[in-house]
Amino acid sequence: CIIIDPGASYDKISSKIKDKKIIGVLITHRHFDHIRSLSSFKNVSVFSCDNLEEREYNLGPFTFDVIYNPGHSRDSVSFYFKQENILFSGDFIFYENIGRCDLPSGDYSAMKKSIKKIKKYPPKTKIYPGHGEETTLEHEINNNNFF
């Protein structure tokens, strides 16, 4: 399995994955609530803005695209799994909202460019944000005032 943004306690995460082998940890951005348990993942490769390019990756049986989407933070990326048509957006997109841009390294101008870029993806893309309920790109285009 892949872990995305290990912000919960390591015990909570390990109870969900049970005995599955962790082949990587994906980080959408390095705010504390998204990496709280990162140090508990020993001998596992960690992938973030620091060591990823904006392109397609294969990690074990998983294939995903990395999308740079600064705005909430300078290091924000999303992970798009094309075959499943799902996007893990971190704090970039929320249900009918976007991530705050007033935190250190936040930039509303960059956020507007990131929103424009994400609109090019399939409308039926299911979005799993870092907080709150899931949504779709289509729903956000039609209902999110920032779009």
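Tutor: What follows goes through the salt bridges and the exposure of the residues in them. This is a predicted model, where local features need pLDDT of at least 70 and side-chain atom pairs count only at pLDDT 80 or more, while totals for chains, interfaces and linings use all residues. Residues are numbered from 1 along each chain as its sequence is written, and side-chain values use heavy atoms, with hydrogens and water left out.

The structure holds 5 salt bridges (a side-chain nitrogen of Lys or Arg within 4 Å of a carboxyl oxygen of Asp or Glu). One of them joins the side chains of Arg 30 and Asp 50, at 3.3 Å from N to O. Arg 30 sits in the loop between S2 and helix H2 (32–35) and Asp 50 in the loop between S3 and strand S4 (56–59), so this pair ties together parts that are 20 residues apart in sequence. Helices (H or I, at least four residues) and strands (E, at least two) are DSSP runs, numbered from the N terminus. Arg 30 is partly exposed, at 33% relative accessible area, and Asp 50 is exposed, at 62%. Here buried means under 20% relative accessible area, exposed over 50%, and partly exposed in between (1.4 Å probe, protein chains only).

Another salt bridge is formed by the side chains of Glu 138 and Lys 124, at 2.9 Å from N to O. This pair links distant parts of the chain, 14 residues apart: Glu 138 is in helix H4 (residues 137–143), and Lys 124 is in the loop between helix H3 (108–118) and strand S10 (126–129). Glu 138 is partly exposed at 31% relative accessibility, whereas Lys 124 is exposed at 59%.
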